[in-house]
Structures are given as C-alpha cells and as structure tokens.
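I opened my notebook to look at one model, chain by chain. These entries record what I looked up.

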Amino acid sequence: MTAYGRRAWIVLWKDLLTERRSKESLNALFFFSLLLLFLFQFALGPDRERLQAALPGLLWLGFVLAGLLGLGRVFIAERDNDCWEGLLLTPGDKSAIYLGKLLANFVLMTVVEVVLVGLFGVFYNVDLWGVLGPLAVVLFLGTVGLSAVGTLFAAMTAQVRARELLFPVLLLPVQVPVLLATVSATQIVLGGQPLAEAASWLKLLAGADVVYLVIGLLTFEFILDA
Amino acid sequence: MRTRALGWLAGLALLAGLAVAFGYAPREAAQGNVQRIMYLHVPSILTAYLAFGLVLLGSIGYLATRGKAWDRLAASAAELGVLFTGVTIVTGSIWGKPTWGTWWTWDARLTSTAVLFLVYTGYLLLRGMVDEPERRGRYAAVVGIVGAANIPIVHFSVKWWRALHQPSTILGPEPSPIAAPIATALLVNWVAFTLLFVYFLARRIEIARLDDGAVDA
Amino acid sequence: MITAAGLRKSFARTPVIDGVSLEVPAGTCLVLLGPNGAGKTTLLRILATLVRPSSGSLTVAGVDALRSPEAVREAIAMVAHGSYVYEDLSALENLRFWATMGGHDASEGRLLAALSQVELEAVAHERARTFSSGMKRRIGLARVALGRARLLLLDEPFTGLDRQGRKWLSEFLLAFKGGGGAVVLATHSFEGALGVADRIAILAGGRLVLDQPAADLSRDDLRRLYDDLTEGSPR
C-alpha cells in the first residue's frame, strides 16, 4: 500500500474504532430513524396507498436528515486536544484525510440506511426482497454523493460558530440533484420496474458523484489549512 | 472617476433598454403586453450566471494565489448574483401569474433558478459566520467552486424531474421562434444589465477593499 | 535550521509579533522565554507553518516556509498546548495513528519502545480518556520521538511532567541536538529549559528584547534581566 493509501486507511480505522467505542452517533441515529418512521406515519395518516406512494421520498428524506445529524460526527473528535492541528502538520497530500473521513461517513450512513430500509419494509409492509439488488445500486450511488459533499462541508462547518445551522443551509441546496435523482430512481425500483428504466438517473448520479469526489479531493486541503 | 462614467453609461443603457422594450418591440400575439417583462427577466438571469461565473473565477484565483483581491471579487459577485437571481425569480413570478394563472409553478427553469438562489444565499450566510478573513476566504471559495460545478447537475436533474412528473403540460415562457425585434430588444437590455452589473461590481469591490483596509491596515 | 527575518503578525490591527528576526543553527537549542501573552505561542506557530505571518521571511530546513509549507512539515515536529491525543483510542493506538500519518514505521515493537521511554508502557492498551493531562503530554512526546524530524518546536513541554519525565525530556533533547537536530523551546519558567539551551531569547510585547548565547548568562543574571525586560510589557 502506498503512503497515501495507508494514511486514508488509518483515518478510516481511527474514526470507525472511535465510533465503535463511543457508539454515540449510531445509537442516536438508529433512534432518530425510528422516530422519523413514527412521525411520517402520523403526518400522512394511516392510508396505506398514500404512504406507499410517498415512500421513496420519505426514505430519502430520512437519509438526508440522518446525514445532517451524522455526517459531522467524524470531525467532533478532531476538536479535542487540538487534533486538527496535528492533522494539519502531517506531511503529504491532505486529500488522504478527506478520503478516510469520506469512507468512514459512507460506512456509517450505509449502516443507518440498511436499518432504516429494513424498518420501512416492516412498518409500511413493503416487499423489499425482490428489489434488493437494484435498490442497493441506487443507495450506493446516492450515499456516495451525499457523503462526498457532506464530508467536505462538515469539515468546514465543524470549525464555525452556529455549525448546526450552517451545515444544513449549505448542504441541502447542493444536494437537490442527488435527492431528485435518488427519489426518482427509488420510485422506479420499488415500482418493480427493471433497473434499466432508471438508467438516465443513475448516470446522472454517477456523474454527480464523480464531480463531487474530485472537487472534495482537490479542495479539502484548503479547508484544513491554516 | 471611470467607475462614475460607467454608472452613467449603465443608466443611459437602461433607459435605452426601457425605450426599446416598450417602444420598439412589438406586442406579443399570444401573451400580450405581459410578455414585455421578459426584457427584465432574461437579462437578469444571464447577468446572474455571469456573476456566478465570476464567483467561480474569484474562488479558484483566491485558492491559487491567496490574493485578497480574488476573494473580494468572489464575495462581491456572489452578492450581486443573488440579487439578480432574486430579480429573476420575482419577475418570473409576476410573469407567471397572468400567463399560468399562478405565482409559482415548479417549472424546470424556475426551480433551477430557485435552487441557485438557495446555494448562493448559503454562500453569503457562510461568509457572515466566519470572522477571520483568511479562513472566510478559503471556506467561501470551496463553496463557490462546489456551487458552480453543481449548476449543470441541478439543471439536468430538474429538467428530467419535470419531464417525468408532468410531460409537456406547460410551455416555456418564451415564444419558440423569437422574432427579430424581440431579439433586438433583448440584446439591448442584456447589454444594459451587464453594464449595470459591472458598475455595481466595481462599487462593491471598492467598498470591500476599504473594509479590508480598515480591518488589518 | 531556521532563519527568520522581520516576522510580523497582527490580529485585527493589534500586532502580536512585531518584527522578530532569529537564527537557529542545526545542532542547537533556542529557549524562548517570556511572560504569558508575550507572543511565544504565536511565534512558535508561525515557525511551525500553522500561522502565516503578515510580513517577513522565514526559511526552515532550507525551504522557504511561506511558499512551500508542505515541505517544511516533512522536517518538523511540534509539541503544542494540545496533545493531539484521541480520547477514545488507547495510548498505543494514538501512536500508531500519528506514526502512520507521518509516514513512519508503525510496528508495534517500535511504538511500545517509544511508550516505555515516556514510562507509559504499563497503560499502552488503556484508553486515553482516563489519562491525566501530563500523561497525554507524554504521549505527545513519544509521538515526536517516533518521527524523523530535524526541527523540534516545543511549547511549555515541561508542564505536567514529574522529575523523572523532565530528566528524560532533557536527555532526549540533548541527544536530538547531538544528532544534528535543532530545537526551539518556548516556556515562561526557567526550570529545566536552561540545561538544554544554547541560546536564550526573551520575547516581550511581540519583540525580542534579548537574544544571547546561554553560556554568557548565569542564572541570576538571567533572572534579573528577565524581570527588568519584561516589566511593564503590554498584557
């Protein structure tokens, strides 16, 4: 493994280990997801048809809300004991740190999403087994896009006052294309249509993911810098 | 001095634009006089795009050189971009009421413009919340770059989204083949708006420069 | 190792570093004395490329630090106010993280050896959350000892160390100098620092008010000079 890969890997290792030990983020996010399910039910009423029609939107709204709460968590530990400063002083390409943080966020988001999807299936009586493969593709592409921008902006807002406010205000408008594409594709997939029907959306998502990743890798050093 | 001359020039061009929009351009057959709001609407959005292009330029320039002038360019252009996007949305809304019978519709173009407005409003909010000028410049530049790169992605996603949910119900506001006088009126107003924008930009950058000077002398 | 000329830094119009020039050759240690608020930490952070000076020039390890800070970071190690310790990792895991980030050999034997140097091998596998601030500081010193830095920048490194720890640190610094490395050590207390100093500088109000070879100064001279020079300095 190259030095770059080792750095990205150790950041991922460190963040996941920290999360596994404190369990702060995941526990809260699971509970939050459960609450969302209840709230959606209360907001839309018991009409099953209506709920199922709104399901793809609700699902992604849930992911985005969980992301708003969760994506910034990997930067919390960096604030104790001035660890930020230590990262800044590490030699070499800083984008390795971004890559590690991004992967950590991707793993965390995926775990939350899997649980949320399972709960949706149970609570709203949706048969997910038949569409698991195509749904996983949509989830993967959408989560990469959400984490790529989310990690970049969370790194920035972690060091700003009123970060709870600023993070969503910055992230949500930028995520509009990802939301439109994933909701539309999820709708197609849950409707039982083949994945090819959603091809144009998936291509858009993949394109957006690449753009966000490249920008994240190129600009992260400027967020970290002194 | 040159800035002031530019201001007068922009004022004259705007007057000329008004004259052409009301005097020279013909009454549009299908929509009537309402269509004339297009001479405000279209130049506004074109100016906004110019502004956001300059935000991108200023952002890249700042990260590459750390020259404060680049940051001032990006910040000033962003404010004006939000202003002109706001004008676009308001005029579009006023135009939409008699044409579509509603102030707001999730038309592809209106929606993308609204998203643009939100992205750059976020940019301005961020600038307001970071006190240290150097750090503010870096953070804002990153958001400026993400925002600009996102414009085409927003454009396509919103367009397809509209096509998916409501295939071909609402026609675009512009009549498809633009008649020559209408095109001329548009061109005159576009030039006038661009001049006005450059004038505002020059003034805003000057104010930002004085602000910077007052802070770290 | 360091050549600095005319360094200045202002925060919102107030000058914090006001025209500092200094020279630290390889194999020597500069001790930077001064009361709290004299600008020691800011100066150290400028030398570490953590703060960009408003004006002046700075060369570290033969590299223009203002133009290519990345290259400077290869050559320096810092022990700052913060210990750079992650609370949820063990002492050993902390060292593994920072050694890997620095591109150094992170084999367990090497990490444990570094921990035993700062007498933390007994708690190598315990979480840092339970450690005292002195122990965290020692992890920071072990981190530095693992690297290949040619310039050490230390901010109040003796705080939180007991007698044994101070002795170890002094010996480590002497050995580091002996290997051709340079040290800048900022402190407001004389204890421990004088034994390793080759040159002593006093910073007051953002200016160097004294910069002399340590051999020329007895402890009493220094005490008197320090009191005279820092008396009535701003803040």
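**Entry 1: a turn after a helix.** I began just after α1 of chain C, where C:Thr49 takes a positive phi of about 65 degrees. Helices (H or I, at least four residues) and strands (E, at least two) are DSSP runs, numbered from the N terminus.

Before going on, I noted the ground rules. The model is predicted, so local features need pLDDT of at least 70, side-chain atom pairs count only at pLDDT 80 or more, and totals for chains, interfaces and linings use all residues. Residues are numbered from 1 along each chain as its sequence is written, while chains are lettered from A and ligands numbered from 1 in the order in which they are written.

**Entry 2: the helix itself.** Next I asked how many residues of α1(C) are buried. I found 8 of its 8 residues buried, so I wrote the helix down as mostly covered (buried means 20 or more other C-beta atoms within 10 Å of a residue's own, exposed 12 or fewer, partly exposed in between, with C-beta atoms placed from the backbone). Among them are C:Lys40 and C:Arg45, as well as C:Leu43, C:Leu44 and C:Ile46.

Helix α1 (residues 40-47) of chain C lies on a sheet and touches β1, β2 and β4 of chain C. Contact here means that the C-beta atoms of two residues, placed from the backbone, lie within 7 Å. The direction of the helix makes about 60 degrees with that of β2(C). Axes are lines fitted to C-alpha atoms, for helices over the stretch in contact, and angles run from 0 to 180 degrees between N-to-C directions.

**Entry 3: the sheet.** I traced an open sheet of 4 strands in chain C, in the order β2-β1-β4-β5, with antiparallel pairing. Two strands pair if DSSP finds at least two bridges between them. Strands of a sheet pair through backbone hydrogen bonds, either parallel or antiparallel. Which strands are at the edges? They are β2 (14-24) and β5 (63-64) of chain C, each pairing on one side only.

Strand β1 (residues 2-11) and strand β4 (residues 55-60) of chain C pair in the antiparallel sense over 5 bridges. In β4(C), C:Thr59 is the bridge partner of C:Thr3, and C:Leu58 stands opposite C:Ala4. β4(C) also pairs with β5(C), antiparallel over 2 bridges. There C:Thr59 stands opposite C:Asp64.

**Entry 4: the hairpin turn.** β4(C) and β5(C) form a hairpin with 2 residues between them. Is C:Ala61 buried or partly exposed? It is partly exposed, because 17 other C-beta atoms lie within 10 Å.

**Entry 5: two domains in chain C.** I noted domain 1 (2-75 + 149-230) and domain 2 (84-147). These bounds come from an automatic or database domain assignment. Their C-alpha centres lie 25 Å apart. Their contact takes 10 residues from domain 1 and 11 residues from domain 2. On the domain 1 side, helix α6 (residues 163-178) of chain C gives the largest share, 5 residues.

**Entry 6: two spots in chain A.** A:Asn81 sits in the loop between α3 (48-70) and α4 (83-89) of chain A. Its phi is near 55 degrees, positive in a residue other than glycine. A:Asn81 counts as buried because it has 24 C-beta neighbours inside 10 Å.

Then I turned to A:Gly62, in helix α3 of chain A. A:Gly62 is also counted as buried, with 23 C-beta neighbours inside 10 Å. Leaving aside neighbours within four places in sequence, A:Gly62 is in contact with A:Ser33, A:Leu36 and A:Leu116.

**Entry 7: chain B against chain A.** I found 27 residues of chain B in contact with 25 residues of chain A. The largest share of the chain B side, 18 residues, comes from α5(B).

Last, I checked confidence. Over residues 166-175 of chain B the pLDDT is below 50.

Methods. pLDDT is the predictor's confidence in each residue, from 0 to 100.
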